[in-house]
Amino acid sequence: MSDSSPAPLPSGSAAPTARNYLITQLDQVPAVPCPCGQSRRGFATPDNSLATIHLVDISIDAQTHYHKRMTEIYLVLEGEGFIELDGERIPARPMMSVFIKPGCRHRLVGRFRIVNVAIPAFDP
């Protein structure tokens, strides 16, 4: 969901042609299935190719996967278990952050809620 009401401009100012920011309320974005479970994808619009942010509920049977050109940054909000990175199993718990480079096979093992920043923007 994007904020649609611009801030008032000072008297005599010209209105900008486009905003230089986006706003999303992740808990109001509809969830969609993904290889990890259910994802709420913020800033996933046709005109944005820079980055997206996802609120993801990881299911117990998350699939190992990789991305050819996308970097992901995970921030674990809730849950404990493991993250598998290129076959290495590492304990995962709240406030752990992981920088996942393109080509790295990965998955979370357990039930988690994470924030995932995808760079460039996730393109299903």
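In the predicted model, tyrosine 74 stands opposite valine 98 in strand S7. This pair belongs to the contact between strands S4 and S7, which are joined in the antiparallel sense over four bridges. On the side of S9, strand S4 is linked by seven bridges, and these two strands likewise run antiparallel. Within that pairing, leucine 75 has valine 115 of S9 as its bridge partner.

Strand S3 covers residues 52-58 and strand S9 covers residues 112-119, and their antiparallel pairing extends over seven bridges. These pairings form part of an open sheet of six strands, arranged in the order S1-S2-S3-S9-S4-S7 with antiparallel pairing. Strand S1 (32-34) and strand S7 (97-100) each have a single partner strand, so they stand at the edges and one side of each is left without a neighbour in the sheet. From one strand to the next, the twist of the sheet averages 30°.

At the level of the whole chain, the secondary structure consists of nine strands and zero helices. The pattern read along the sequence is accordingly β-β-β-β-β-β-β-β-β. Of the 124 residues in the protein chain, 35% count as buried. Among contacts with a separation of 6 or more, 56% are accounted for by residues 24 or more positions apart.

A further strand pairing involves S5 (residues 81-85) and S8, which are joined in the antiparallel sense over four bridges. In this pairing, glutamate 84 stands opposite arginine 107 in S8. Strand S8 spans residues 106-109; His106 and Leu108 point one way from the strand, Arg107 and Val109 point the other way, and all are buried.

The loop between S3 and strand S4 (71-78) contains serine 59. The side chains of serine 59 and aspartate 61 are joined by a polar contact of 2.9 Å. When neighbours within four places in sequence are left aside, serine 59 is in contact with Cys36, Gly37, Gly110 and Arg111.

Histidine 65 is likewise placed in the loop between S3 and S4. Its relative accessible area is 12%, which is under the 20% limit, and histidine 65 is therefore classed as buried. The side chain of histidine 65 reaches the backbone oxygen of glutamine 63 at 2.9 Å. Not counting residues up to four places away in sequence, histidine 65 touches Pro35, Cys36, Glu72, Tyr74, Cys104, Arg105 and His106. Of these residues, Tyr74 is the one that stands opposite valine 98 in S7, while His106 is among the buried residues of S8. Histidine 65 and glycine 103 are separated by 38 residues in sequence, and their C-alpha atoms are 9.0 Å apart in space.

With regard to aromatic side chains, the structure holds zero aromatic pairs.

Conventions
Residues are numbered from 1 along each chain as its sequence is written. This is a predicted model: local features need pLDDT of at least 70, side-chain atom pairs count only at pLDDT 80 or more; totals for chains, interfaces and linings use all residues. Side-chain values use heavy atoms; hydrogens and water are left out. Rings of Phe, Tyr and Trp (its six-membered ring) pair if their centres lie within 6.5 Å; planes under 30 degrees apart count as stacked, over 60 as edge-to-face and the rest as tilted. Two strands pair if DSSP finds at least two bridges between them. Axes are lines fitted to C-alpha atoms, for helices over the stretch in contact, and angles run from 0 to 180 degrees between N-to-C directions. A polar contact is a pair of N or O atoms within 3.5 Å; within protein, one must be able to donate a hydrogen and the other to accept it, and residues adjacent in sequence count only if both atoms are side-chain atoms. Contact means heavy atoms within 4.5 Å. Buried means under 20% relative accessible area, exposed over 50%, partly exposed in between (1.4 Å probe, protein chains only).
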